[in-house]
Structures are given as structure tokens and as C-alpha cells.
Amino acid sequence: ALLKLLTQPRVAPATYAQLFIALKRLDDDGLDATLQDFANGRGKFSSLGLEARLNTFLEILESAEGVVFARDKIKSLADAAYHGDAHQDQAAVSYARIVEQSGVANAAASVLPLLSHDNPRVRSAAYLARFTLEPGHRTTLVGSALRDADTTVRQNILLRIATDKVQLPDT
């Protein structure tokens, strides 16, 4: 019955996430293949847009129940989705948020190309992901973000510093 729900039209990313979590808890034999098809937009997921697929992975990472999945597995699926499809700016923002939420130690390199993206929302999301994943490089990273041409990028990094109560050394 859960597999049938996956093929329903207009399923929200949060619903997909909960369905995948339930299938994982049930130790579904075909889940890995289904997730690969989902990530790559193949088969029954061929009409599902990239943003919906990425937002599903983000929902899994942000859900308390998402702990049933290894974070690096979700990041790997998101990599397959993002790099295997043409994407718009919002997809790049979602991808950067997935990278950040994954907490995977070497994931910061995944967003390096996004630091020079034309859209300031994408650059901001990439800076925030690196800020989270590379605490040892925060001073340099903040310096770069504060030199960005867009005020939103600069504001977002300053807000993250304040929210996380991070104290940067004087330079």
C-alpha cells in the first residue's frame, strides 16, 4: 500500500519523505532501487521535478524520523539528483541546504561551485553550508561572504554568526 502511494499524483515532498522513512523502517527489499529511481527521476518518478525530489531529501534530513537513513546516503542521492538534471536557482538553494543538513564531513566541497553562482540566494546558501561544515575555516569564509557584492549574502552570514553565537577571532 505504501508503494502505491508513491505513484499518486501531486504528493508533497514531506509525504514522500515519510513514505520513504516508513519503507525503511519496514526494511523494504526494493527501497534502494526505488530511491535511486526517485533521485534520478526515472520510471514512475519521471514526471517529478528536481525541486520536489531535492525537497524530499531535505525533509528526510530535517525530520526526527529521518535518522533511519544514513545522512551520507541521503546526500549521495541528492548528489545524483542535482548533478543528473538541469536545475534552476531554487534547486541549487535546496541542494546547498541538503549539503549543510547532511553534516557529512567532506560535503563542503560539493557547494564550492555555488559560491560564484549568479544568484545571491544560491551563494548565501552555499556560504551557510560551508559555515556549518567547516568550522575551522569560518574566519576566512566569513571574510569572503562579507566581501560579496550582495547585501543579502552579507546579512545572512552575519545572522548565522549571531544565531549560532559563534565568536570569531579578531583579525
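A: Let's begin at the start of H7, where a side-chain oxygen of Asn-119 comes to within 2.7 Å of the backbone nitrogen of Arg-121. Keep in mind that this is a predicted model, so local features need pLDDT of at least 70 and side-chain atom pairs count only at pLDDT 80 or more, while totals for chains, interfaces and linings use all residues. Residues are numbered from 1 along each chain as its sequence is written, and side-chain values use heavy atoms, with hydrogens and water left out.

The helix itself (a DSSP run of H or I, at least four residues, numbered from the N terminus) covers residues 120-133. Its end C-alpha atoms are 20 Å apart, which agrees with the 20 Å its 14 residues should span at 1.5 Å a residue (that is, 1.5 Å times one less than the number of residues).

Now for the surroundings. 11 of the 14 residues are buried, so H7 is largely enclosed by the rest of the structure; buried means under 20% relative accessible area with a 1.4 Å probe, protein chains only. Among them are Val-122, Ala-125, Tyr-127 and Phe-131. The buried residues pack against H6, helix H8 (138-146) and helix H9 (151-164), with contact meaning heavy atoms within 4.5 Å.

H7 and H9 pack at an angle of about 30 degrees, with their axes 9 Å apart (axes are lines fitted to C-alpha atoms over the stretch in contact, and angles run from 0 to 180 degrees between N-to-C directions). That makes the two helices roughly parallel, a label for angles under 35 degrees. On the H7 side, the residues that meet H9 include Pro-120, Ser-124 and Leu-128; their H9 counterparts include Val-153, Ile-157 and Ile-161.

Terms used: Buried means under 20% relative accessible area, exposed over 50%, partly exposed in between (1.4 Å probe, protein chains only). A polar contact is a pair of N or O atoms within 3.5 Å; within protein, one must be able to donate a hydrogen and the other to accept it, and residues adjacent in sequence count only if both atoms are side-chain atoms. Angles under 35 degrees count as roughly parallel, over 145 as roughly antiparallel, 65 to 115 as roughly perpendicular and the rest as oblique.
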